[in-house]
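Please read the following explanation with the sequence and the three-dimensional structure at hand. It leads from one interface between chains to another.

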Amino acid sequence: MAVFLQSLLSGVLIGGVYALIGIGLTLIFGVMRVINFAQGELVMIGMYCTFFLFKLAGIDPFLSVVLTMPALFVVGAVLQRSLINRVLDALPQNQILLTIGLGLVLSNTAMLVFTSDYRILSTTYSSSSVGLGSIRLSTPLLYSFLITGAITAALYWFLARTDTGHAIRATAQDRDAAQLMGVNVRHMGVLAFGLGSALAGAAGALIAPIYYIYPQVGGAFTLKAFVVVVLGGMGSIVGATLGGVLIGMIESLSALYIASGMKELCVYVIFLLVLLLKPSGLLGKSRT
Amino acid sequence: MRPLLEVRNVSRYFGGVKANEDVTFSVEPGIVLGLIGPNGAGKTTLFNCITGFYPPSRGEILFDGQRINGFPPDKVCKLGMARTWQKVRPLAKLTVLENVVVGALCRTASVSQAKGIALEHLRVVGLEKRAQVLAGGLPIGERKKLELARVLATKPRMILLDEVMGGLNARESEEIIRLILDVKKRGLTQVVIEHDMKAIVRTCDRIVVLSSGEKLAEGTPQEIVNDPRVMTAYLGDSGGAKA
Amino acid sequence: MRALLLWVIPALALALVPLWIQSPYALHIFILLFIAVALGESWNVIGGFAGQYSVGHAAWYGLGAYGAFILLLRKGIPPWFGVWAAVALAVIIALAVGWITFRLRGPYFVLASIAVAEIIRLAALNWKIVTNGAEGILGSDLPPLQIGGTVITDWNSKIPYYYLGLLMAVFCVAVNFVVKRSKLGYYLQAIREDQDAAHSLGIPLTFYKNTALGISAACTALTGSFAAFYVGFIEPQGVFGIDVSIQMVLTCIIGGIGTVTGPLLGAVVLVLLSEWLRASLAQAHLLVYGVLVIAVILLMPDGFVGFIAHRLRKKAAGR
């Protein structure tokens, strides 16, 4: 029983990070209807930033989030203005291919600059754990979950309580109507991509102490983010939050009960099932 | 003579929205039936139900005596009922000729034969000189004619025209009217959704009026034009509007 | 028929190349080119003509590779028979996948295709008894190809692979050529341009999409088998990985989807560029792919061939 609970809770903890990546993706899709296949690469950039801030300046990864997020926001804003903005009216398939190309450029540039060597970021508490009764939870995972919670709460507050947040939600609901109401939808696009990237960067910072860091690590995160978003419903932030946690749990439990190698397989099978049976997701708004 | 199309008590709901409610009418072979009504009356929804894009929530649709509820659009076309679209849908990256060939291939497997049929129909609508132009580059008037040629190439027994004159100027509309009457002479049955009342009166043998999803009235053009309920439906109840 | 000649002459020229060029490296480049052309043309049938962007075609490539390899190494079935069994397997699975995923539109279909390929890859990775898992399978020497008592080749040089590769590439181009002019081609393009309009013109959507997928998967699997025997070693990431799928798509996008020459051009550009850059960029040669696809989508969404065709059309219209 303890093993089950431990696995479940670990899954929830890592699920928080998946949720962060997914929320970024769903925000971008909600506002611009663009499916960002380079989301994982943005996480990868966040991971490397965190790694170097730690190695060169000694800044703890969970603190450097404060630096990584704005940095990735700027990166995202620049990418949006230079590339994404130009394909907003293109075929969705072409948009996807553009972001796939972007992902390739980012990961391969990282390969050139950083080489394919696996980097490891280990802090003093990397392998320590916290005890909760008979359950032990990894300390870095716990920290990352708490920070994820804080970031997500801040995001909810931003979207629900600020004018800009309202403007973003309005653009996501109905671009033309929002524009008629005086919302600068182009700015909203930049904002959404910037925020989505910042969230990806945050996720990168939070998992840097836990995962190997290498240029190709992004791909798996992108795919996982898609599963999260489709599960929760494209465009639904609450959905992505729940979806992330759910995927984390499924992964963790299937590694425990089936086989470690099969956990990804399970996730993809569930993904396919959701796509086929309830494509609007558990909480999603169905869009054509 | 058995009606070619029978719509019996057809209703279509979308969630809580009543798009069509208990609509009944028949179309005799060889006539032109006008389907009119203000925007939002449920005319296009009815077309979509009839041609198989979604099944009616209630009621029956019979084509030449056969119940076609739930038949997919391609099966409906093969049976002999073809439709045009309110917002024209050219196959943009194909040429004008290729567009009509797609229609003609409904009845033949031979591309060369289909090309011959396609050219014929392009001549009928007057687009034969534009055969090699990409459909995406056509102005609206020619797009409408292309769509007409395309459905005619499927050798239908009945065509459903959804606002085929929408967005056209007087001369272009006149050409379409001539084509409708031409097509009627060849024995095709037609149901025409239109807003242009003059065109309706000139082309239609009977008219069915829809309003808020329900059938409001049915009759000859003369009867409908003089029906005060129809005026009210279009203009709203402004207290005793004269017909 | 003039169009046909334009294809036959280069094909014959290519057939004569090994008489002049003997360098194994040069022949190797040609073989890579043939594989890339075959893959591009295979994808074009479903992606270019039908407009269904599958980013999971590595599934069929890998099934072709593993199928033929396993039949040779475990059952001793020579490749020229084994290949067809592998192709049949790929087609059957492809049709099943198509049947369930073709109801999805646009980006959702893309995602589903990726998921399917990943599932098959992970299955190959984990089903160690059959596939040897991540260690992969090392090919053994191929049995000599003989008809009656005469040995045609014992596969010890690149030349038989060159001719087979050429034949395969020509075959895939021919398939595209024939499909484009047939009823199937017209119907697929109609589906691509406007699915609902196509449906209303009497086109049964799933049937035709599946036909395209079947043809595409068959050609892809065939190429996968060939490539596996040529390289001599296969492992899950290399044949089922998303990189393989993406390269197939990029070949067509860059050259021009929906045309017969587009994938050919795209393949030539991509293979030559990445070989040339392999020296300086090594592992990162995919950077080139990324940059090219971004440039093409922003500047010439119809690919090189589409861009040129558009220019020619403008000239002809005298504008």
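**Two interfaces**

Across the interface of chain B and chain C, 9 residue pairs are in polar contact, both residues of each pair being at pLDDT 80 or more; a polar contact is a pair of N or O atoms within 3.5 Å, where, within protein, one must be able to donate a hydrogen and the other to accept it, and residues adjacent in sequence count only if both atoms are side-chain atoms. On the side of chain B that touches chain C, helix 2 (73-79), helix 3 (96-104) and helix 4 (111-125) of chain B each supply at least two residues; helices are DSSP runs of H or I with at least four residues, numbered from the N terminus. The residues of this side comprise 15 nonpolar, 4 polar and 8 charged, where Ala, Val, Leu, Ile, Met, Phe, Trp, Tyr, Cys and Pro count as nonpolar, Asp, Glu, Lys and Arg as charged, and the others, Gly among them, as polar.

This is a predicted model, in which local features need pLDDT of at least 70 and side-chain atom pairs count only at pLDDT 80 or more, while totals for chains, interfaces and linings use all residues. Residues are numbered from 1 along each chain as its sequence is written, chains are lettered from A and ligands numbered from 1 in the order in which they are written, and side-chain values use heavy atoms, with hydrogens and water left out.

Between chain B and chain C there are also 3 salt bridges, each a side-chain nitrogen of Lys or Arg within 4 Å of a carboxyl oxygen of Asp or Glu. A salt bridge joins the side chains of B:Arg89 and C:Asp196, at 3.5 Å from N to O. In total, 27 residues of chain B are in contact (heavy atoms within 4.5 Å) with 20 residues of chain C. The two chains bury about 2,000 Å² between them, 63% of it on carbon and sulfur atoms; buried area is the accessible area (1.4 Å probe) that two parts lose on being put together, summed over both.

How many residues of chain C are in contact with chain A? There are 39, and they meet 35 residues of chain A. Chain C and chain A bury about 3,300 Å² between them, with 84% of it on carbon and sulfur atoms. Of the area that chain C buries here, C:Tyr108, C:Leu111 and C:Ile297 supply 19%, more than any other three residues. Between these chains the count is 0 salt bridges. Helix 5 of chain C gives the most to the side that touches chain A, with 14 residues.
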